[in-house]
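Subject: Structure for your files

Hello,

Please find the structure below. My notes on what turned up in it follow.

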Amino acid sequence: MGRKDIAAEYQGLEVKVPIFFRCPISLDVMRSPVSLCTGVTYDRASIQRWIDSGNNTCPATMLPLPSTDLVPNLTLRRLIALWASTAATSSSSSPAPSAVGPTPAAAASELLRQIADPSQDPWPALHKLAAFLSDDDVDEFDKNALARAAGAAETLVSVLRRGRADASVEAAVHVLTVIAASDCIEEDNRKRVATILAADAASSVASLARVLRCGSSLEARIDAARLVESLLRNARQDVKATVAESEEMVCELIRLIGPVDEKDGLDKQAVAVGLSCLATIAGTRRARSEMVRLGAVPAAVRVLATDAGSPSQALRVLEAAVGCAEGRAAICEMADTAIPAVLSKMMKGGMGGAEAGVSVLWAVCHKYRDRRAVDAAAASKGGLTRLLLLMQSGCSPAARQMASELLKMFKVNAKSCLGGYDSKTTHIMPF
């Protein structure tokens, strides 16, 4: 909603607008009040445009800004919402309708009625809901009112479960994803989506797997994976097991982190959400061998080798894979690629990635002593240096012990230990 729309909304109110409800920049009633470090409150859209234009001062005081962080002024926002509802009730004329209806509650009721009506095509209403929830100019209170409306999540999920993958189902998935993954949506409203999906987990998983398989675009498939991620993050253990035991779902998540074009390119957003789901699923012991059978190991290695992002999650998937014989065999069969990839990325995935990486190396090189893995690790340039760095970091005692045992396996010489410092453009970075 733009400046003119906001002005029109309040035009019919026959009350005086309190001066501190107006943004000092736009002079309109603030929709999303935020405060700068100077203590002055502005409407988010107006002050963000000011900062994005290259200004580094407070518009009202002209003082320099040591920080451009915007802190939501929740107290003022509640006061404005209370004033607006009171003024609208006492006014002789109603405010002009907003982009989705006269009020969030009325808008939600009408749009949800259209979506639930079997005689109507739900796509237009779903498209309108998505636009409303994605609009930066719409107040967060309005978005949350829409998200928490009675029957909202249930109606959207019912569209998802219609047994086909068409434009309406993809639109429902997108709206659910916006609610489940947006920072502006309150945690309770985000969790509610996962709760409704988990109520019939088998049907939800089958429907989301169908969108992952038949989605008309990569964006639709990514949206479906983000709903799976939300479900895994918030659901009970038995629901997670339902996801993990769905062969179709695991297969499609592995496909999502694979090539997306004719040049075998990987999409970083797809890789991030796909690996996040797979890493969580891998925590279910029964699912590990099935993941390996479906190709999780070469897919994770490809992500590491091509620098497609999310190294920590890829290393976690490989760490889970070495917990079964099939996973170790898969890694050792491609040791010439897998072991250097693990060594090169283990220090770029944070402490969790580093410890997952050393667990993979220790399992295949030390515990099971596969000759192919040992040779590949010994031949990797800078590998010993990375193990030494891990031992000197704040890693866990178990990870330090594994790194120590790996070092003892190899004949340490000056050249191999200093391999990471040969190039002037290669730097050892902290976590």
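Valine 34 stands opposite proline 72 in S3. This is a predicted model, in which local features need pLDDT of at least 70 and side-chain atom pairs count only at pLDDT 80 or more, while totals for chains, interfaces and linings use all residues. Residues are numbered from 1 along each chain as its sequence is written, and side-chain values use heavy atoms, with hydrogens and water left out.

Strand S1 (residues 33–35) and S3 run antiparallel and are joined by two bridges. Strands here are DSSP runs of E, at least two residues, and helices are runs of H or I, at least four, numbered from the N terminus; two strands pair if DSSP finds at least two bridges between them. The open sheet has three strands in the order S2-S1-S3, with antiparallel pairing. Its edges are S2 (41–43) and S3 (71–72), each pairing on one side only.

On the aromatic side, there is one pair (ring centres of Phe, Tyr or the six-membered ring of Trp within 6.5 Å; planes under 30 degrees apart are stacked, over 60 edge-to-face, the rest tilted). Phenylalanine 20 and phenylalanine 21 have ring centres 4.9 Å apart and planes at 85 degrees, so the pair is edge-to-face. Phenylalanine 21 is buried, at 5% relative accessibility (buried is under 20% relative accessible area, exposed over 50%, partly exposed in between, with a 1.4 Å probe and protein chains only).

As for cysteines, the structure has zero disulfides (cysteine sulfur atoms within 2.5 Å). Cysteine 277 is buried at 0%, and cysteine 214 is partly exposed at 38%.

Regards
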